Amino acid sequence: PMPGLSCSSTLLRSATLLYHCFLTLHLQSCIRPGAAFGLRHYPLASAPLFLGRAPVTSLTMSSSSPVSDEKQQQRQHPRVDFDKTETVGSTRWMRLETLSYHVPPEEGRCDDDSADDNTLLRKWDRAVRTTKKSEDSIDAVVVLAVLKHDTADPAKDEVVCVKQFRPPVNAYTIELPAGLIDPDEDPGTAAEREFREETGYVGRVAEVLPASYMSPGLTNESACLVRLDVDMTLERNVQIHEGMVENTGLEESEKDRGLVKLLLPRAGLLGALHDLQEREGVKVFAALYSLALGMSVGEQAAQGEGGGGGEAAGAKK
């Protein structure tokens, strides 16, 4: 027995030292040199006496490389590899492309289309406007303008729309005024110009929403919804509204397709659109239908009633 220690204390010390030795050797055998862990242990000769608990080997974790972290993040989410984009065909206004995009691999799944970074490579076709300057550039504007004839009676408010023939759907459509943004324009400037060209009214920007995508499964075309205020005391707006002057701002292609302005009631807009579809067989622009449905929900909430989209008050040209 060691002087000053009882038999039980001696056994505890011996067991502690043996455990420490085993733990150290075990960790050294499991951890590869150069791995992200740093191992620090006590030499056996100077191993402290731990009574009541086993010694704890100190493990420190080094930070991983920012580059490796970024690559790991990329492998966890789908992403397009634009370097592999193929152009299938192109016209003056449109280009058809085949994209290559990476998706995370499924556990236990083998795939012939695996990429070098262990992700799976997939294909997707899309249509792109040839006027698009970059992936993030905004292509067009869509204009929401409400004519307020009597501030004391919102029921007289009218939403300015346009009706025109659209060859892709072989039908006349009801839409909000819209158009492409010219190279030297911002969305607000483009909205004021397009609104005047298509309807004859003069409007001023009240609000510009961020870019949105109306058919992201088919195209990367983006558009900003711009709300305009129309001062119905301006002589120009009064003349256009009363038909005293003709709108001369239409482009030739718009004239060919019979574009005309159309005024629909703000209250009961959804019902007015339904009526036009049934009566004339027109097709409705998705953003306009969404707007009308939102207005209808708001009207129902205000009235505390359900059902119906409101009475259709008819359309004016």
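# A tour of the predicted model

The secondary structure of the protein chain comes to 7 helices and 14 strands. The model is predicted. Among contacts between residues at least 6 apart in sequence, 57% join residues at least 24 apart.

**Stop 1: the largest nonpolar core.** Select Val159, Cys161, Ile174, Leu264, Leu269, Leu273 and Leu288; of the 21 residues in this core, these touch the most other members. Next, colour the elements that each supply at least two of its residues: strands S7 (140-147), S8 (158-166) and S13 (260-265), together with helices H6 (269-280) and H7 (286-303).

Now centre on cysteine 161. Beyond its neighbours within four places in sequence, this residue is in contact with Ile174, Glu175, Leu176 and Pro177, with Val260, Lys261, Leu262 and Leu264, and with Leu288.

**Stop 2: a second core.** A separate core of 17 residues can be picked out by selecting some of its members, including Val141, Val143, Phe195 and Cys224.

**Stop 3: the largest pocket.** The volume here is about 1,700 Å³. Select Arg129, Ala140, Arg166, Leu180 and Glu221, which are the closest to the pocket centre among the 49 lining residues. Then show the elements that give two or more residues to the lining: strands S6 (120-129), S7, S8, S9, S10 (178-180) and S14 (283-284), and helices H3 (187-199) and H5 (252-256). Coloured by class, the lining has 25 nonpolar, 8 polar and 16 charged residues.

**Stop 4: asparagine 170.** Move to the loop between S8 and strand S9 (171-175), where asparagine 170 lies. Its phi is near 50°, a positive value in a residue other than glycine. Is asparagine 170 buried or exposed? Its relative accessibility is 61%, so asparagine 170 counts as exposed, the cut-off for that class being over 50%.

**Stop 5: glutamine 76.** Finish at helix H2 (residues 66-76), which holds glutamine 76. Because its relative accessibility is 42%, glutamine 76 counts as partly exposed; that class falls between the 20% limit for buried and the 50% limit for exposed. To end, draw a C-alpha to C-alpha distance from glutamine 76 to proline 105: the two are 8.7 Å apart in space and 29 residues apart in sequence.

Methods: Residues are numbered from 1 along each chain as its sequence is written. This is a predicted model: local features need pLDDT of at least 70, side-chain atom pairs count only at pLDDT 80 or more; totals for chains, interfaces and linings use all residues. Side-chain values use heavy atoms; hydrogens and water are left out. A nonpolar core is a set of buried Ala, Val, Leu, Ile, Met, Phe, Trp, Tyr and Cys residues joined through side-chain atoms within 4.5 Å. Buried means under 20% relative accessible area, exposed over 50%, partly exposed in between (1.4 Å probe, protein chains only). Helices (H or I, at least four residues) and strands (E, at least two) are DSSP runs, numbered from the N terminus. Contact means heavy atoms within 4.5 Å. On a 1 Å grid over the protein atoms alone, a cavity is a set of points where a 1.4 Å probe fits but cannot get out, and a pocket is an open set with protein on both sides within 12 Å along at least five of seven lines; lining residues have an atom within 4 Å of a point. Grid points are joined across faces, edges and corners, and a volume is the space filled by probe spheres set on the points. Ala, Val, Leu, Ile, Met, Phe, Trp, Tyr, Cys and Pro count as nonpolar, Asp, Glu, Lys and Arg as charged, and the others, Gly among them, as polar.
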